[in-house]
Amino acid sequence: MAVPAAADGEALVAATGPAAGVGVGAGSAAGPAAGAAGPANSGTTAAGGAIASGTTAALPGLPQALSARARTLAGAVRRRCADLARIESPSGDAPRLDALAEELAAGFRATGATARREPGPAGDHLVIEWQGRDESLPHLLVVGHHDTVWPVGTLADWPVAEQDGRLSGPGVVDMKGGLAVLEGALALLADLGERPHRTVRLVVVSDEEVGSPDGRRLVERQLRGAAAVLGLEPPHPDGRLKTARRGSTRVRLTVTGREAHAGNDAHDGVSAVDELVDQLVLVRSLAGQPGTELNAGRISGGSRANVVAGRAEAELGLRFSTVEAQRRTLDNLARLTALRPGARVRTEVLSSRPAWPERTGNPLLRHVRSLAAVLGQQLDGAPAGGAGDTNLPGSRGLPTLDGFGAVGAGAHARHEHIRLDQLAPRIALLAALLAVPLPRLRDRGEG
């Protein structure tokens with residue numbers, strides 16, 4: 001792959017060597033398709049037949065070629081994921097994020113993309129683009145991120161390791177694995193002499209794990225005219241895609257009091273810590289309303305045990321199942337006032353993502369399920385509890401699916417890992433989704 005370790009050989013685009021006669025337009029004798037569902041689907045099922053006689057008919061032999069090549073590339077993608085995870089990139093660490101951004105840009109350029117860095121206050125974002133076979137069509141937008149929740153130094157006591165068919169380490173599933181899988185999918189198409197059906201535009205933000213306070217503007221800019229949006233977050237642990245997400249908001253609650261000697265002049269002081277504690281009790285009751293969940297993620301305040309605290313703050317994480325619950329709770333938080341004379345309370349929204357509701361009928365999911373069936377995979381979708389950058393298009397009604405990253409579990413936890421046996425199916429699925437035409441996904445305009 002791009003800029004690999006010397007032992008890993010050449011770039012991923014050439015990792016399998018020449019196409020060896022496996023032409024996308026000439027069929028293939030590459031053997032059964034790879035997939036979690038077992039034997040390859042011959043195209044005779046209802047779902048598979050519809051695709052085999054329609055979408056993939058434009059590219060004869062595509063399922064077999066993609067599946068065979070994906071199995072060959074899986075080892076390179078595994079090494080790429082491990083290499084990316086060894087480049088620590090915590091949110092807010094601009095030098096490390098920028099180093100990783102340059103590494104990612106080099107990898108995607110090797111698959112035929114153009115890449116540019118978009119400056120951000122806490123690290124550069126990336127905008128990557130692949131030219132499609134039909135440039136007149138609206139682009140397909142893919143969103144991802146290269147920041148992680150893990151602080152620098154985590155690798156010292158938790159190195160990237162492979163054991164029992166799993167690759168574990170900080171950030172492997174969220175989302176170094178997703179970035180590696182997409183790079184593999186585009187490298188696969190390039191290796192077969194193919195391009196995506198339409199322009200593919202990838203936005204990789206540097207601040208997703210803290211709510212994309214700056215990256216959001218970049219994602220929103222690329223939503224204009226997009227036919228559909230795909231997210232590279234990990235799927236559900238069983239491999240299902242993510243069809244909806246709860247809303248998410250980070251709020252900082254800051255209390256200002258008045259310092260005083262805690263022994264001699266306590267009556268002259270106003271404790272910001274005491275006020276904050278009382279405010280959190282009140283906030284918990286507000287957040288107990290239907291459709292709202294609260295996590296008090298961080299609390300700080302005061303200076304010494306013999307000083308009445310003059311300042312205290314808490315950072316709250318809120319999750320919302322509906323737009324209405326999100327609006328109601330944030331309105332209530334904005335109206336908080338001090339409970340004791342002399343104290344001041346300020347509520348600040350640090351980042352916010354709207355709820356992406358589940359929608360009846362999902363032509364994009366049906367299309368992906370059918371493609372998976374042709375590849376010999378069984379695939380479905382379900383709502384997710386977490387939030388991400390796909391909340392933005394999903395909340396606006398754009399055709400959106402998330403969970404196209406590496407299959408695994410343990411995001412944000414010490415058992416974070418990806419399943420190595422699922423790399424090839426994911427590579428093949430993404431490559432197929434990029435290569436074949438999309439059906440009409442909306443009533444108006446090109447889908």
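**Close-up views of a predicted protein model**

**View 1. Overall fold of the predicted model.** In this predicted model, among the contacts between residues at least 6 apart in sequence, 82% join residues at least 24 apart. The protein holds eleven helices and 16 strands, and buried residues account for 55% of its 447 residues.

**View 2. The open sheet of four strands and the pairing of β4 with β5.** The strands of this open sheet follow the order β4-β5-β16-β15, with antiparallel pairing. Its edge strands, β4 (161–163) and β15 (408–409), each pair on one side only. Strand β5 (residues 166–168) and β4 are joined in the antiparallel sense by three bridges, and E162 has L167 in β5 as its bridge partner.

**View 3. Helix α11.** Spanning residues 423–435, helix α11 has 13 residues and reaches 18 Å from its first C-alpha to its last, close to the 18 Å expected at 1.5 Å a residue. The helix is mostly covered, with 13 of its 13 residues buried.

**View 4. The salt bridge between E118 and R221.** The structure holds 34 salt bridges, and in the one formed by E118 with R221 the closest N and O atoms are 3.6 Å apart. This pair links distant parts of the chain, since E118 belongs to strand β1 (residues 114–118) and R221 to helix α6 (residues 215–223), 103 residues apart. E118 counts as buried because its relative accessibility is 13%, whereas R221, at 35% relative accessibility, counts as partly exposed.

**View 5. The salt bridge between R245 and D402.** The closest N and O atoms of R245 and D402 lie 3.1 Å apart in this salt bridge. Because R245 lies in strand β8 (residues 241–245) and D402 in the loop between β14 (400–401) and β15, the pair ties together parts that are 157 residues apart in sequence. Both R245 and D402 are buried.

View 6. The side chains of R252 and E348 meet in a salt bridge at 3.0 Å, N to O. The two residues link distant parts of the chain, with R252 in strand β9 (residues 247–256) and E348 in strand β12 (residues 344–353), 96 residues apart. R252 is partly exposed, with a relative accessible area of 23%, and E348 counts as partly exposed at 25% relative accessibility.

Key. Residues are numbered from 1 along each chain as its sequence is written. This is a predicted model: local features need pLDDT of at least 70, side-chain atom pairs count only at pLDDT 80 or more; totals for chains, interfaces and linings use all residues. Side-chain values use heavy atoms; hydrogens and water are left out. Buried means under 20% relative accessible area, exposed over 50%, partly exposed in between (1.4 Å probe, protein chains only). Contact means heavy atoms within 4.5 Å. The expected span of a helix is 1.5 Å times one less than its number of residues. Two strands pair if DSSP finds at least two bridges between them. A salt bridge is a side-chain nitrogen of Lys or Arg within 4 Å of a carboxyl oxygen of Asp or Glu.
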